[in-house]
Amino acid sequence: MKKNMIIYGSYEGIQIQAIKHLTQILLDTTVEHPICVSADKYVEENACRHFFIGTKESNPYVKQLSDKELTHKEEYYIKVAGDTVLIEGSDDAGVLYGCIDFYNKYLMKAELTHTQAYFKDIYSGVFEDFEYSAYPATERRGLWTWGYVTYDYQRYIDNMVRLK
């Protein structure tokens with residue numbers, strides 16, 4: 001199995017959460033920590049699967065690899081081609097939502113094949129090509145606890161982030 005390498009453009013604000021979320025996804029699905037490196041310190045490694053994440057402004061590799069024009073707030077674009085995964089956001093929140101939906105829209109579908117071998121080991125070979133872009137249909141969203149007391153706010157907020 002190839003090592004996974006996350007190449008990020010910015011390690012501040014919401015993009016920190018995007019990096020942490022993608023790192024946790026890869027750790028959970030491969031049981032191995034991915035290599036995380038900033039774009040300015042990145043050196044191409046052929047034995048790795050590359051995850052380029054960020055905005056066009058924060059990550060020069062995202063700008064180089066993406067020809068998609070993101071025009072909406074919190075919009076994101078996911079492109080998988082061989083051993084290269086691009087997760088681009090129009091802003092920091094878009095990067096986070098792209099990392100969340102990389103798992104929801106790509107990894108879950110690729111792993112759960114509903115064949116005789118129920119779970120497919122997608123990390124042993126090359127990823128199948130995939131493209132997906134989305135943005136929130138509602139600009140203003142809020143949280144509602146249905147009148148219940150929330151004792152663990154951190155877990156509650158983390159869950160709301162996963163639900164976008």
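**Group meeting talk: cores, salt bridges and a surface patch**

R49 is buried, with a relative accessible area of 0%. For anyone new to the word, buried means under 20% relative accessible area, exposed means over 50%, and partly exposed is in between, using a 1.4 Å probe and protein chains only.

Before I go on, some housekeeping. This is a predicted model, so local features need pLDDT of at least 70 and side-chain atom pairs count only at pLDDT 80 or more, while totals for chains, interfaces and linings use all residues. Residues are numbered from 1 along each chain as its sequence is written, and side-chain values use heavy atoms, with hydrogens and water left out.

Okay, back to R49. Which residue forms a salt bridge with R49? It's D83, and the closest N and O atoms are 3.7 Å apart. A salt bridge here is a side-chain nitrogen of Lys or Arg within 4 Å of a carboxyl oxygen of Asp or Glu. D83 sits in the loop between strand 4 and strand 5 and R49 in strand 3, so this pair ties together parts that are 34 residues apart in sequence. When I say helix or strand, I mean DSSP runs numbered from the N terminus: H or I with at least four residues for helices, E with at least two for strands.

D83 also pairs with K2, with the closest N and O atoms 2.1 Å apart. K2 is in the segment before strand 1, 81 residues from D83. D83 counts as buried at 17% relative accessibility, whereas K2 is partly exposed at 32%. Through shared partners, K2, R49 and D83 join into one network.

The whole structure has five salt bridges. Another one is between E74 and R141, closest N and O atoms 2.5 Å apart. These two are 67 residues apart: E74 in the loop between helix 2 and strand 4, R141 in the loop between strand 6 and helix 4. E74 is buried, at 13%, and R141 counts as partly exposed, at 39%.

E74 has something else to show: a positive phi of about 65°, although it is not a glycine. Most residues other than glycine have a negative phi. V31 also has a positive phi, near 60°, and is exposed, with a relative accessible area of 71%.

Now the inside. A nonpolar core is a set of buried Ala, Val, Leu, Ile, Met, Phe, Trp, Tyr and Cys residues joined through side-chain atoms within 4.5 Å. The largest one has 27 residues, and L22, F51, I53, V80, F102 and F127 touch the most other members. Which helix gives the most to this core? Helix 3, with nine residues. L22 is in contact (heavy atoms within 4.5 Å) with residues including F51, I53 and F102, leaving aside neighbours within four places in sequence. Apart from this core lies another, of eleven residues, among them A39 and F52.

Last stop, the surface. W144, W146 and Y148 form a nonpolar patch with about 510 Å² of accessible area together. Areas come from the Shrake-Rupley method with a 1.4 Å probe, and for residues only the protein chains shown count as cover. Patch residues have over 30% relative accessible area and no salt bridge, with like charges joined within 9 Å and nonpolar side chains (Val, Leu, Ile, Met, Phe, Trp, Tyr) within 5 Å. W144 itself is exposed, at 59%.
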